[in-house]
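Student: I have a new structure to read. Can we go through the terms used to describe it, one by one?

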Amino acid sequence: MAVRSPTSGPEPLHRRLQLAGASNHQSMFGTQAVAAGGSVRRTYDGVVAYRPGTEILVGFPDVPSAEASEFADEVVAFARQHRPLGQVGWWSMDERAVDDLGPRLLARGFHWGWRPNWMGLDLTNLVEDNPEPEGLVVAEIDKDTGRGLGDLPYRPVASDGTAPSLRCFAAFLEDVGVGTVMLHLSGFEGESIGGIYDTAVVAGSRRQGIGTALTVAACRSARELGCQHVLLNATAMGEPVYRRAGFTALGEAGQTWWMPHETLQAPPPPREEVVLVEAIGRGDVSAVRCALRAEPRALERRFSCGLTLGEIAEVTHQHTITRLLTSYKP
């Protein structure tokens with residue numbers, strides 16, 4: 001969906017902040033793609049962001065049902081033309097479209113991903129007095145000062161002038177880099193929004209307050225740059241880190257799907273597989289019966305999306321198809 005509030009009435013604050021977080025993600029996808037020498041295609045109120053040699057991210061398009069299969073084919077064809085890639089990701093905030101879009105993506109080899117776990121912080125509630133290791137230094141880094149951080153996920157596009165909306169911060173103990181975080185600035189309905197990304201601390205330095213210190217440093221920068229809210233998508237490991245800085249849960253909303261490198265390198269699914277998986281997603285009992293009569297061994301194998309037919313029916317909430325598959329006898 002287009003990541004903006006509808007005009008039918010005011011959204012509850014938590015939903016508005018979820019949409020603001022999605023909008024910041026959409027902007028981040030495009031900014032990183034351009035900074036990495038790639039491209040951004042804006043379509044259906046979303047983006048298709050290409051980072052050469054890395055990934056393609058489809059960010060929150062609002063695709064009509066009648067055009068969804070064709071658009072998915074276009075995205076997959078574009079990805080195959082630009083291999084090698086690590087992955088293709090597809091993000092959606094349209095809860096109503098998930099059951100319609102999801103099967104079309106599974107049919108083309110996407111794997112069912114995770115639901116974004118949104119968290120938000122009103123910067124007036126930033127908690128800045130958390131414990132941290134003695135001697136910890138957190139500083140904004142640029143393309144030059146960020147060198148020597150070893151395997152930390154530093155993104156040199158930050159703070160080098162090519163992407164002014166990006167800021168990158170690193171944590172150092174005894175002049176050794178032990179963690180990084182990124183801040184991305186964007187606008188949403190007239191408000192400046194900060195987004196937190198890629199918070200990472202080396203394994204040997206975790207559980208000491210370094211992740212929280214990095215988060216606080218990025219939030220301070222966002223506050224100085226005029227933001228009222230900072231938003232993020234948290235993992236289970238990261239959620240306690242952000243809570244210590246004052247973030248609160250906004251709830252899960254939306255859905256992601258991912259096509260891994262191995263699927264991109266393999267031949268595309270045959271047309272009959274695409275038709276069958278889409279039929280399951282539609283709950284088309286007749287079409288599924290017909291496909292099983294033609295290929296009964298389909299019940300026994302995993303498809304390009306990594307799931308069996310029964311698992312596809314389950315994840316797409318097609319319970320009638322689940323019962324059919326469970327009781328089917330060739």
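This is a predicted model: local features need pLDDT of at least 70, side-chain atom pairs count only at pLDDT 80 or more; totals for chains, interfaces and linings use all residues.

Student: Why are α3 and α7 called roughly antiparallel?

Tutor: Angles over 145 degrees count as roughly antiparallel. The axes of α3 and α7 cross at roughly 160°, so the pair is roughly antiparallel. Their axes come within 8 Å. The crossing is right-handed.

Student: Which residues make the contact of α3 with α7?

Tutor: D99, P103, R104, L106 and A107 come from α3. V274, V277, E278 and G281 come from α7. By class, five are nonpolar, one is polar and three are charged.

Student: What does α7 do with α8?

Tutor: The axes of α7 (residues 271–282) and α8 (residues 285–294) come within 8 Å and cross at roughly 150°. α7 passes α8 in a left-handed crossing. L276, A279, I280 and R282 of α7 meet A287, V288 and A291 of α8.

Student: Which classes of residue make up that contact?

Tutor: The contact of α7 with α8 has six nonpolar, no polar and one charged residues. Arg counts as charged, so R282 is the charged one.

Student: Why are α8 and α10 called roughly parallel?

Tutor: The cut-off is under 35 degrees. α8 and α10 (residues 319–327) pack at about 30°, so they are roughly parallel. Their axes are 10 Å apart. This crossing is right-handed.

Student: Which residues of α8 and α10 touch?

Tutor: V285, V288, R289 and L292 of α8 meet T320, I321, L324 and L325 of α10. They divide into six nonpolar, one polar and one charged.

Student: Which strands form the open sheet of seven?

Tutor: Its order is β7-β8-β9-β10-β11-β6-β12, with mixed pairing. β7 and β12 (248–252) stand at the edges with a single partner strand each, so one side of each has no neighbour in the sheet. On average, neighbouring strands are turned by 25° against each other, direction ignored.

Student: How do you know that β10 and β11 pair?

Tutor: The cut-off is at least two bridges. β10 (residues 191–201) and β11 (residues 229–233) have three bridges, so they pair, in the parallel sense. G195 stands opposite L231 in β11.

Student: Which helices pack on this second sheet?

Tutor: Helix α1 (residues 13–35) touches β6, β8, β9, β10, β11 and β12, and its direction makes about 110° with that of β9. Helix α4 (residues 210–224) touches β6, β7, β8, β9, β10 and β11, at about 145° to β8.

Student: What makes Y44 and P84 worth a look?

Tutor: Most residues other than glycine have a negative phi, and most peptide bonds are trans. Y44 is not a glycine, yet has a positive phi of about 50°. Y44 sits in the loop between β1 and β2. A cis peptide bond joins R83 and P84, with omega about 5°. P84 is in the loop between α2 and β4.

Student: How do you know that the radius of gyration agrees with a compact globule?

Tutor: With 330 residues, a compact globule would have a radius near 20 Å; the protein chain has 22 Å, which agrees. Along its principal axes, the C-alpha trace spans about 70 × 45 × 35 Å. The chain holds 10 helices and 13 strands.

Terms used: Residues are numbered from 1 along each chain as its sequence is written. Side-chain values use heavy atoms; hydrogens and water are left out. Axes are lines fitted to C-alpha atoms, for helices over the stretch in contact, and angles run from 0 to 180 degrees between N-to-C directions. Helices (H or I, at least four residues) and strands (E, at least two) are DSSP runs, numbered from the N terminus. A crossing is left-handed if the near helix is turned anticlockwise from the far one by less than a right angle, and right-handed if clockwise. Contact means heavy atoms within 4.5 Å. Angles under 35 degrees count as roughly parallel, over 145 as roughly antiparallel, 65 to 115 as roughly perpendicular and the rest as oblique. The radius of gyration is taken over C-alpha atoms; the globule rule is 2.2 Å times the number of residues to the power 0.38.
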